[in-house]
Amino acid sequence: MNDWIAHLGGQRESADRVVFDTPEPARRAMEANVMTPLAQLGILDVAGEDAERFLQGQTSAQVALADGAFAPLTCFCTPKGRVLANAQLWRVAPDHYRLLMHRSLVPSLTEHLRKFAAFYKATLTPRDDLALIGLIGREIPAVAEVLLDVVPPAIWHQADRDDLQVLAHPGPRPRLLACLPVERAPAIWETLAAQASPVDNAIWRLHDIQAGLAWLEATQQDAYLPQMLNWEALGGISFKKGCYTGQEVVARAHFRGQVKKRLVRGQLDGGLIPEAGSAIEDAEDKRLGEVLCAELDAYGEAEVLAVMSTREPSLPLRVAGQKLKQLQLPYPLERLDPESLAGKA
């Protein structure tokens, strides 16, 4: 994937960060159509005649809901209910499923699942041969319909054309994610360039933050219950399915209201991007939680997602020496059944 990104003018600052020369990319994403290579994300395919049954026993999603139209969020947990990886699941073809997650989690999740896949007719394949392109903008659904020849899907749904899949994600502007063979990426990029400007992939992460959507990285796995990521409020947990690894702990935390930390959204009063894991401290210097991810917004201030204690804090809050102002999440903190999102409640 590196070669096609470099060919199109993108420069890698790190394995997860790609930048372009486009000025004020966050502001441009507010006002116009933009596109970016999603170098921070990766793909794991699960295929075989037992693929659905195998996934059903491992993931928080009701796998049958991933029917080629609905593409639910999901997560994989330890027996103690801690998240090893959170992902989006969609069906590519009968007996062939695809998982989208942070790229750093693909190797560890593959290794973890292979311990169980040995008992099923299912294969696990990390897909380094696929490219992911993010599209943001008010006119992006129309752009996709005209230039990609797909009917733009609803949020957390998919649309397919040949070997191209397009998925819709939430955010302050319409967002589509295109998944396609890497050899097709330059041509698709050039086609889209007629209607969208290239921007840093930090802009996609910023819109994730503004959507209240945190993608865990490898250093953050095995630390949080799904509810600490608001995963049930995003429709990422089915409480109507049978057993899966960690299900008992996840269900007990939900029905007994035992979640003492939650994902919060906030803005810092300066332009310093705190590192993941930076402490949130209250006025008494007590640690209340930690930052999961952060990016600069269109006004040069850092926006963050953090996991923080639900108890009433002693204000003001601080992160890395900057004052933290909590912002409203774009969804209510209540259970959202994926069955209702799929129209099969």
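1. Beyond its neighbours within four places in sequence, Asp-337 is in contact with Phe-239 and Lys-240 (contact means heavy atoms within 4.5 Å). Do keep in mind that this is a predicted model, where local features need pLDDT of at least 70, side-chain atom pairs count only at pLDDT 80 or more, and totals for chains, interfaces and linings use all residues. Residues are numbered from 1 along each chain as its sequence is written, and side-chain values use heavy atoms, with hydrogens and water left out.

2. Asp-337 sits in the loop between β19 (322-327) and α9 (338-341); helices (H or I, at least four residues) and strands (E, at least two) are DSSP runs, numbered from the N terminus. Asp-337 counts as buried because its relative accessibility is 15%, buried being under 20% relative accessible area (1.4 Å probe, protein chains only).

3. Helix α7 (residues 202-210) is largely enclosed by the rest of the structure, because 9 of its 9 residues are buried. Among them are Trp-204, Arg-205 and Asp-208. Just after α7, Gly-212 has a positive phi of about 70°.

4. Now to the strands: β14-β17-β16-β15-β18-β19 form a closed barrel of 6 strands with antiparallel pairing (two strands pair if DSSP finds at least two bridges between them). From one strand to the next, the twist averages 45°; axes are lines fitted to C-alpha atoms, for helices over the stretch in contact, and angles run from 0 to 180 degrees between N-to-C directions.

5. Helix α7 lies across β14 (261-268), β16 (287-296) and β17 (302-309), and runs at about 135° to β16.

Notes:
Buried < 20%, exposed > 50% of the residue type's maximum accessible area, 1.4 Å probe, protein only.
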